[in-house]
Amino acid sequence: MKTTARLTYDSIRFDRPATAHLVVTLTAPPIDRQARRAPVCVIPVIDVSGSMQGAKLHQAKQSVLKLIDHLGPQDRCGLVIFSTTVGVVSPAVEMAPAAKAGLKLKVGELQSDSQTNLSGGMLAGLGLGNQPVLPEGMLVRVVLFTDGHANHGVATTSEQLLPLLDAHRGRATVSAFGYGHDADQELLSDLARRGGGNYAFVENPDDATSAFARELGGLLSTFATGLEVRVTPAPGTHVVSVLSDVDARAEGSDLVMRLDDILAEEERHLVVQVALDARTEPATLAAFQVYGTYTALTRGAMVPGTFAHAVQVDRVEPPLAQPKPDPALDVIVAQAELLRAQLDAEVHARSGDYQGATMRLYQMAVSLEDRGHAGVADEARAMSAKMSDAGAFQRSAAHRKSMQAGLKRGAASELEGEAKERLDRMGKKYATRAQDAMDDSFGGPKPGPRTPPRSTGPASPPPGAAGTDGVNRRRSKRW
């Protein structure tokens, strides 16, 4: 795996304290087509409540049938359904030809019925994914698929479901697909984020095929799991905050960040805001040590991997200092800042403070424009409008959660259309070649050409912003 660790400034004047960003980039290699891949276990958990009747359930069934077709004899697949009650249609069985045929027959018999016991379905799926009979090293993915809100069972809210997921997740990762704008996109995004899987927005019945295809394509092309990156500051340097949406914790002065996986050819960026103390004289100094560990899935085996980087900085006389951050790195920082601003703004909006939400994104748009990132600033403006009141916030859930998924990493199962357009415009990759190839092999309908969204023009203050004192109210994620 190719890895780099760089500061946005190579040279900083020595006589003043300074802030910068540390960007750690992880790039997984292409798939080795000749190598034996790691086996996988996929457990679809399908909503069969009354609202799924018709085209929704039909296309979900067709997607599961194609998923079964693409699994090999070394893989396993189970199936859980939920409405008011929960049913284990099949345990996780090896995908030998006879087992495939039997499971397909059961899929074909699925019928819709009653309410939405999401918690029961999730727990049953996790139970199958954590059976001790599953071989060591097998990748296990539970995929939740629903078109509604959890309204039955032991847990129906995010505050109840997330601890339940934490307590029962075990070795499995969890992805969550929300069909249609009526689904609880906020909850499903939270479950995928906590479950270490993918969030997908399925707008039309046919989109379910692409969602399952990209999910399987990503799972089968997993390069490594259990990635951990440790940042150790040298004397006179400090970690301030983590901009990237990753699990992060402090261990003394060190920062430790964890990622569940990285796919073949996927590029992931970790962005950290850092501070450097003033020095008494110019010098080239050690700034940070970056050390990483992971488990690569190579030729069907689990192989430990490591990487290490010593990050230096030149503390120089004022005329020699780098005037602006490295442009390529600053684009990465800008996208991480946008994601962090969105997450901060959503905290405001969920508490009813829509003015605070729009202000947070407005200030980010101004900052990004000043640094020359017009495309990212345009999305900050658009996102601000989507949090202007309760109605706008509720209606924009699919877009906001899709943007969050696309900005977080370069591999998504399916995203809302406007989000795809905006990510395209920002030059942000949100799917890998392996995911695209699996989508093609599933043979589902493909969307037409994408048209970049019209720019909304220069940033203007949100309602209530007149007369502000210009104080930067950015709240970066503390670790």
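The model is predicted. One of its sheets is open and has 6 strands in the order S6-S5-S4-S7-S8-S9, with mixed pairing. Its edges are formed by strand S6 (86-94) and strand S9 (196-202), each of which pairs on one side only. From one strand to the next, the twist averages 10°. Helix H2 (residues 97-108) packs on this sheet and touches strand S5 (76-82) and S6. The direction of H2 makes about 165° with that of S6.

Strand S4 (residues 40-47) is mostly covered, with 8 of its 8 residues buried. In a regular strand the side chains alternate between the two faces of the sheet. In S4, Val 40, Val 42, Pro 44 and Ile 46 point one way, while Cys 41, Ile 43, Val 45 and Asp 47 point the other way, and all are buried.

S4 runs parallel to S7, to which 7 bridges join it, and also parallel to S5, with 5 bridges. Val 42 stands opposite Arg 141 in S7, and the bridge partner of Val 42 in S5 is Cys 77. Together with helix H1 (residues 55-69), S4 and S5 make a right-handed β-α-β unit. Strand S7 (residues 139-146) in turn pairs with strand S8 (residues 173-179) in the parallel sense over 6 bridges. Within that pair, Leu 144 stands opposite Ala 176 in S8.

| Strand pair | Sense | Bridges | Residues standing opposite |
|---|---|---|---|
| S4 and S7 | parallel | 7 bridges | Val 42 and Arg 141 |
| S7 and S8 | parallel | 6 bridges | Leu 144 and Ala 176 |
| S3 and S14 | antiparallel | 10 bridges | Ala 20 and Val 274 |

## Helix H4 and its two sides

Which residues of helix H4 (residues 158-168) are buried? They are Ser 158, Leu 161, Leu 162, Leu 164 and Leu 165. These residues lie on the same side of H4 because they cover an arc of only 165° around the axis. The face turned away from the buried side of H4 carries the exposed residues Glu 159 and Ala 167. The packing partners of the buried residues of H4 are helix H3 (118-129), S8 and helix H5 (185-195). Just after H4, Gly 170 takes a positive phi of about 60°.

Ala 20 stands opposite Val 274 in S14.

Two packed helices are described by the angle between their axes and the distance between the axes. The crossing of H7 past H11 is left-handed. On the H7 side, the contact is made by Gln 335, Leu 338, Leu 339, Gln 342, Leu 343 and Glu 346. H11 contributes Arg 400, Lys 401, Met 403, Gln 404, Leu 407 and Lys 408.

## Two single residues

Leaving aside neighbours within four places in sequence, Gly 129 is in contact with Ile 43, Leu 134, Val 140 and Arg 171. Gly 129 and Val 42 are 87 residues apart in sequence, and their C-alpha atoms are 8.2 Å apart in space.

Pro 29 is placed in the loop between S3 and S4. With a relative accessibility of 28%, Pro 29 counts as partly exposed. Not counting residues up to four places away in sequence, Pro 29 touches Met 1, Phe 223, Ala 264 and Glu 265. Pro 29 and Glu 267 are 238 residues apart in sequence and 9.5 Å apart in space, C-alpha to C-alpha.

Conventions: Residues are numbered from 1 along each chain as its sequence is written. This is a predicted model: local features need pLDDT of at least 70, side-chain atom pairs count only at pLDDT 80 or more; totals for chains, interfaces and linings use all residues. Side-chain values use heavy atoms; hydrogens and water are left out. Two strands pair if DSSP finds at least two bridges between them. Helices (H or I, at least four residues) and strands (E, at least two) are DSSP runs, numbered from the N terminus. Axes are lines fitted to C-alpha atoms, for helices over the stretch in contact, and angles run from 0 to 180 degrees between N-to-C directions. Contact means heavy atoms within 4.5 Å. Buried means under 20% relative accessible area, exposed over 50%, partly exposed in between (1.4 Å probe, protein chains only). The arc is that of the directions from the helix axis to the C-beta atoms. A crossover is right-handed if, with the strands pointing away from the viewer, the path from the first strand over the helix to the second runs clockwise. A crossing is left-handed if the near helix is turned anticlockwise from the far one by less than a right angle, and right-handed if clockwise.
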